[in-house]
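The sequence and the structure come first.

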Amino acid sequence: MSRKSKARITGELRKLAFHNKTQRGIKDLANLLNPKIRGWIQYYGKVSRRSLQPVFYYLHNRMIRWILNKYKSFKGSKIKAVKWLRFITKSYPNLFYHWELGYKLV
């Protein structure tokens with residue numbers, strides 16, 4: 001996967017600005033992002049799935065930012081937000097397509 005492709009994907013995530021959509025739940029985010037994630041994995045993952053790791057790292061950071069904006073109890077504590085997201089990945093491992101394939105939160 002080229003740098004240009006990674007930049008395009010991260011730009012697409014930035015353009016979605018889902019971290020500001022606090023009226024949505026996590027299942028709504030999954031419905032919004034899963035078709036895109038599935039397409040990226042099918043296209044770029046054919047050669048090397050490992051090359052998608054930085055993209056999912058960026059996606060997880062965006063999800064943490066969404067958690068911090070949505071839930072005021074996590075405000076100012078990124079550690080609590082990460083722990084909550086890890087709890088969600090363990091509780092609902094099939095919520096996001098890339099979680100099913102083993103791309104877990106680092």
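In this predicted model, the cover over the buried residues of helix α4 includes α2 (26-44), α3 (53-70) and α5 (97-100).

Helix α4 itself comprises 14 residues (residues 78-91), which at 1.5 Å a residue should span 20 Å; the end C-alpha atoms of α4 lie 20 Å apart, in agreement with that expectation. A81, V82, L85, I88 and T89 are the buried residues in question. Because these residues cover an arc of only 120° around the axis, they lie on the same side of α4. The other side of α4 carries exposed residues, namely I79, K83, F87 and K90.

| Side of α4 | Residues | Accessibility |
|---|---|---|
| One side | A81, V82, L85, I88, T89 | buried (under 20% relative accessible area) |
| Other side | I79, K83, F87, K90 | exposed (over 50% relative accessible area) |

T89, located in helix α4, has a relative accessible area of 7% and is therefore buried, the cut-off being under 20%. Leaving aside residues up to four places away in sequence, T89 touches W99 and K104.

By class, the contact of α2 with α3 consists of eight nonpolar residues, with no polar and no charged ones.

Methods: Residues numbered from 1 in each chain as written. Predicted model: local features only at pLDDT ≥ 70, side-chain atom pairs only at ≥ 80, totals over all residues. Heavy atoms only, no water. Helix = DSSP H or I, 4+ residues; strand = E, 2+ residues; numbered from the N terminus. Expected span 1.5 Å × (residues − 1). Buried < 20%, exposed > 50% of the residue type's maximum accessible area, 1.4 Å probe, protein only. Arc of directions from axis to C-beta. Contact = heavy atoms within 4.5 Å. Nonpolar A, V, L, I, M, F, W, Y, C, P; charged D, E, K, R; others polar.
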